[in-house]
Amino acid sequence: MKIRLLINTQEAAERTGLSPRTLETLRLRGGGPAFIKLGRSVRYELSALEAWIDANRSASTSEYHA
């Protein structure tokens with residue numbers, strides 16, 4: 001079994017430029033990066049953050065679809 005590097009919400013916020021509160025809201029409403037619940041702790045894989053960022057890439061504001 002391979003152990004993956006997991007980061008907490010604060011670290012994910014620092015890496016994405018979002019606030020921890022925004023990531024919490026995205027977890028509740030959907031549309032944010034995939035996360036893992038370990039007991040009461042929320043963790044993110046770096047690959048999931050990268051995939052989410054890539055999936056939200058746009059060339060212009062007219063492409064935006066929230």
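In what order do the strands of the open sheet stand? The order is S1-S3-S2, in a sheet of 3 strands with antiparallel pairing. This is a predicted model: local features need pLDDT of at least 70, side-chain atom pairs count only at pLDDT 80 or more, and totals for chains, interfaces and linings use all residues. Residues are numbered from 1 along each chain as its sequence is written, and side-chain values use heavy atoms, with hydrogens and water left out.

**Overall layout**

- The protein chain holds 3 helices and 3 strands. Helices (H or I, at least four residues) and strands (E, at least two) are DSSP runs, numbered from the N terminus.
- Read from the N terminus, the elements run β-α-α-β-β-α.
- The C-alpha trace spans about 40 × 25 × 20 Å along its principal axes.
- The chain has 66 residues, and 20% of them count as buried. Buried means under 20% relative accessible area, exposed means over 50%, and partly exposed lies in between (1.4 Å probe, protein chains only).
- Take the contacts (heavy atoms within 4.5 Å) with a separation of 6 or more: residues 24 or more positions apart account for 46% of them.

**Sheet**

- Two strands pair if DSSP finds at least two bridges between them.
- Strand S1 (residues 6-7) pairs with S3 in the antiparallel sense, over 2 bridges. Here Ile 7 has Tyr 44 of S3 as its bridge partner.
- Strand S2 (residues 36-38) also pairs with S3 in the antiparallel sense, over 3 bridges. Lys 37 has Val 42 as its bridge partner in S3, and Leu 38 stands opposite Ser 41.
- S2 and S3 form a hairpin with 2 residues between them. Gly 39 in the turn has a positive phi of about 65 degrees.
- In the order S1-S3-S2, S1 and S2 stand at the edges. Each has a single partner strand, so one side of each is left without a neighbour in the sheet.
- In a regular strand the side chains alternate between the two faces of the sheet.

**Nonpolar core**

- Which residues make up the largest nonpolar core? The 7 residues are Ile 7, Ala 12, Ala 13, Leu 23, Val 42, Tyr 44 and Leu 49.
- Such a core is a set of buried Ala, Val, Leu, Ile, Met, Phe, Trp, Tyr and Cys residues joined through side-chain atoms within 4.5 Å.
- Helix H1 (9-16) and strand S3 (41-45) each supply at least two residues of this core.
- Leaving out residues up to four places away in sequence, Ile 7 touches Ala 12, Arg 15, Val 42, Arg 43, Tyr 44, Leu 46 and Leu 49.
- Thr 9 is in helix H1. Its relative accessible area is 12%, so Thr 9 is buried.
- With the sequence neighbours up to four places away left out, Thr 9 touches Pro 20, Leu 23, Arg 27, Val 42 and Tyr 44.

**Salt bridges**

- Side chains of opposite charge can pair when their charged atoms come close. The cut-off for a salt bridge is a side-chain nitrogen of Lys or Arg within 4 Å of a carboxyl oxygen of Asp or Glu.
- How many salt bridges does a search of the whole structure find? The search finds 3.
- Arg 4 forms a salt bridge with Glu 45, with the closest N and O atoms 3.0 Å apart. The pair links distant parts of the chain: Arg 4 lies in the segment before S1 and Glu 45 in strand S3, 41 residues apart. Glu 45 counts as buried, at 17% relative accessibility.
- Glu 24 and Arg 21 meet through their side chains at 3.2 Å, N to O. The two are 3 residues apart in helix H2 (residues 20-29), so about one helical turn separates them. Glu 24 is partly exposed at 29% relative accessibility, while Arg 21 is exposed at 59%.
- Asp 54 and Arg 57 form a salt bridge at 2.6 Å, N to O. Asp 54 counts as partly exposed at 45% relative accessibility, and Arg 57 as exposed at 61%.

**Charge over a ring**

- Arg 27 lies over the face of Phe 35, at 5.8 Å from the ring centre.
- A charge sits over a ring if NZ of Lys or CZ of Arg is within 6 Å of the ring centre and within 35 degrees of the ring normal.
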